[in-house]
Number of protein chains: 2
Amino acid sequence: MTSEPARPRAATIHDVARAAGVSRGTVSRVINGEPYVSPEARAAVESAILEVGYVPNTAARNLKTRRSGAIALIVHEPHSLFLEDPNIGTILLGTNAVLSQADYQLVTLIIDSTRDSDRVAEYLRGGFVDGVIIISARALDPIAQAVAAMGIPAAFVGRPPGIEGIAYVGIDNVAAARSITERLVATGRRRVGMIASALDRDSGRDRLAGFQEALGPLFDPELVVEFPLYSHSAGIEGMRQLLERAPDIDGVFASSDAIAAGALDTLRTAGKTVPDDLGVVGFDDSAWALRCQPALSTVHQPAAQLGEAAAQLVLDQIGRVDIPTEGRLLDTSVVWRLSA
Amino acid sequence: MTSEPARPRAATIHDVARAAGVSRGTVSRVINGEPYVSPEARAAVESAILEVGYVPNTAARNLKTRRSGAIALIVHEPHSLFLEDPNIGTILLGTNAVLSQADYQLVTLIIDSTRDSDRVAEYLRGGFVDGVIIISARALDPIAQAVAAMGIPAAFVGRPPGIEGIAYVGIDNVAAARSITERLVATGRRRVGMIASALDRDSGRDRLAGFQEALGPLFDPELVVEFPLYSHSAGIEGMRQLLERAPDIDGVFASSDAIAAGALDTLRTAGKTVPDDLGVVGFDDSAWALRCQPALSTVHQPAAQLGEAAAQLVLDQIGRVDIPTEGRLLDTSVVWRLSA
DNA sequence: TCAAAACCTGTGAACGTTCCCAGTACACCG
DNA sequence: CGGTGTACTGGGAACGTTCACAGGTTTTGA
């Protein structure tokens with residue numbers, strides 16, 4: 001008793017009950033909006049709550065109800081980081097909007113190391129959250145596997161490689177890549193190259209597939225260069241290689257806006273003008289796209305809707321037994337600006 | 001009993017105790033690494049935990065111990081969003097690193113509306129977290145006030161306007177701005193302007209103050225333009241105004257890299273070469289800085305360390321009574337590249 | 001050799017809720 | 001007017017932990 005901490009004991013449901021002159025049970029019913037409470041009792045409880053400054057203790061509530069009112073959003077730091085993936089911030093906002101509407105609290109967890117992986121898995125198992133949204137999981141991801149194993153309501157943003165029977169939302173990368181490549185061809189380009197990347201992820205693979213489909217007989221494997229990441233430097237180097245291999249190249253599909261921006265830098269240095277000498281298109285419709293000189297034609301990702309749909313998918317699973325097994329693909333659109 | 005959910009009841013401490021042939025108390029002692037447990041008992045409990053797949057129920061633990069092992073990081077969405085502020089992602093990683101080390105779980109909360117504000121305040125009060133880190137709070141921020149009022153361990157990143165006696169970390173914006181401006185002057189610039197912004201925040205105000213200090217008698221209020229946000233478009237427009245007001249201008253301090261990038265775009269359009277005609281410097285050392293043509297001289301913010309220090313500040317407060325009242329300013333450095 | 005200290009263990013009582021059941025009061029209906 | 005249903009209320013029992021305490025055994029020290 002000597003070193004009692006400064007924080008005073010919070011008011012409990014008992015204090016409210018005493019102040020209102022009713023029982024615990026009645027207070028609980030008022031708090032949870034249940035029927036069978038007389039108007040007088042309800043009013044007394046409500047004013048008592050304000051009077052004593054009561055706020056429900058979530059730990060106690062969770063313990064009893066076995067739910068937490070929170071949903072986790074898991075971001076894998078290397079390679080999908082806030083800094084690198086321009087859409088993550090927007091996805092997050094979309095998710096937050098839907099959950100907030102349903103009175104769920106979104107908690108964002110960052111996985112930066114295997115150490116984090118373990119702790120996050122424990123956190124999920126510990127009953128802190130009622131569901132989980134996972135962004136850009138990679139194959140053999142330990143968290144994705146843990147989630148699948150424990151059967152907690154979950155949704156993936158981006159088709160999860162390897163794991164079956166799980167809910168996800170994503171975009172149709174094949175169709176989007178095909179669509180923007182077709183428009184590039186429609187403007188008269190005949191020697192079209194691609195700076196591909198992230199071929200170890202479905203997004204990267206699918207964009208390449210769509211590109212090839214669209215070109216048909218015009219496709220020349222010599223005009224495809226590959227890089228591990230969707231990075232600006234990949235664009236600089238990729239464009240350099242393409243110019244070297246094919247000086248007559250007249251179109252480029254960069255698999256991300258950052259790559260396209262890098263390609264434009266190389267082209268400027270090389271004295272090529274865009275879109276006169278070459279048409280350049282990107283993917284993402286991120287902040288890069290408008291910043292480029294000239295403004296970039298690109299594929300718009302419905303990032304906010306991806307986040308919203310993922311949240312909805314999780315909410316749907318909560319409290320239901322039949323889990324929606326398969327995923328949803330959202331539509332993309334081509335934004336035609338000045339670079340092609 | 002008819003609609004028993006699919007999720008099986010998790011193993012409890014009782015199950016472990018039974019499997020290990022010891023009592024609840026002993027299991028609890030093992031889990032919490034307390035002394036006074038015989039080696040045999042410890043071994044038995046440890047293998048029993050694996051056997052029954054026990055994971056502690058955090059709700060029950062929180063209820064009893066009144067702590068959660070989690071710390072909140074609050075981001076205000078409009079104006080400090082992931083997308084706009086290039087440092088936020090890095091701050092977040094720094095924070096996560098320190099907390100992870102101390103076995104605390106970081107949960108990121110996003111405040112997007114007043115509705116969110118209320119729910120987050122309730123969340124904090126509900127005992128979900130043991131401490132809170134708040135990024136770039138503005139004056140009269142409801143969450144900041146709630147946190148101050150409830151006396152939960154807290155730290156601010158960025159000097160909080162209005163609220164007194166609270167722990168914070170930040171950078172010395174005045175000194176940093178003075179330092180980079182001085183170097184600009186040292187290269188022979190005499191007509192130096194500034195594109196200022198966010199003057200309603202301490203960061204914006206202080207950068208302007210440092211600029212003025214460094215210039216001394218060279219300072220000309222005519223060469224300062226102001227904008228509300230640290231945005232690229234502010235740079236475009238600000239540079240245009242400066243060129244109009246003073247065609248003989250030979251140096252510009254942009255109050256952020258995004259602004260500097262915008263200024264460079266305007267200068268390119270106007271046919272000015274950098275750094276020959278004008279020297280341009282920015283602030284942040286963000287991804288923009290390297291992307292610029294030419295690469296931007298700028299002030300490097302120790303974003304990761306800011307995050308780490310804030311986390312440490314909160315950890316220090318947990319369990320202690322004497323709250324460190326004042327803040328810490330971290331050192332910045334000037335990164336000299338090609339733009340000045 | 002014996003008291004005191006150190007080590008180890010089990011048990012009861014919380015922590016603050018919600019849920020369920022029993023019980024009361026009143027209204028309605030035949 | 002008795003029975004049945006509906007509206008409302010109170011209180012016991014749990015949820016899964018931790019903590020304090022009591023009791024037992026072993027070691028230590030004079």
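1. The surface near DNA strand C is made up of 11 nonpolar, 10 polar and 6 charged residues. Here Ala, Val, Leu, Ile, Met, Phe, Trp, Tyr, Cys and Pro count as nonpolar, Asp, Glu, Lys and Arg as charged, and the others, Gly among them, as polar. "Near" asks for a C-beta atom, placed from the backbone, within 6 Å of the strand.

2. A word on the basis: this is a predicted model, where local features need pLDDT of at least 70 and side-chain atom pairs pLDDT 80 or more, while totals for chains, interfaces and linings use all residues. Residues are numbered from 1 along each chain as its sequence is written, with chains lettered from A and ligands numbered from 1 in the order written.

3. Among the 27 residues around DNA strand C, the nearest are A:Ile13, A:Asn57, A:Ala60, B:Ser23 and B:Gly25. Two or more residues each come from α2 (24–31) and α4 (58–65) of chain A and from α2 (24–31) and α4 (58–65) of chain B. Helices are DSSP runs (H or I, at least four residues), numbered from the N terminus. The largest share, 5 residues, belongs to α4(A).

4. Around DNA strand D there are 27 residues, and A:Gly25, A:Ala41, B:Ile13, B:Ser28 and B:Ala60 come nearest.
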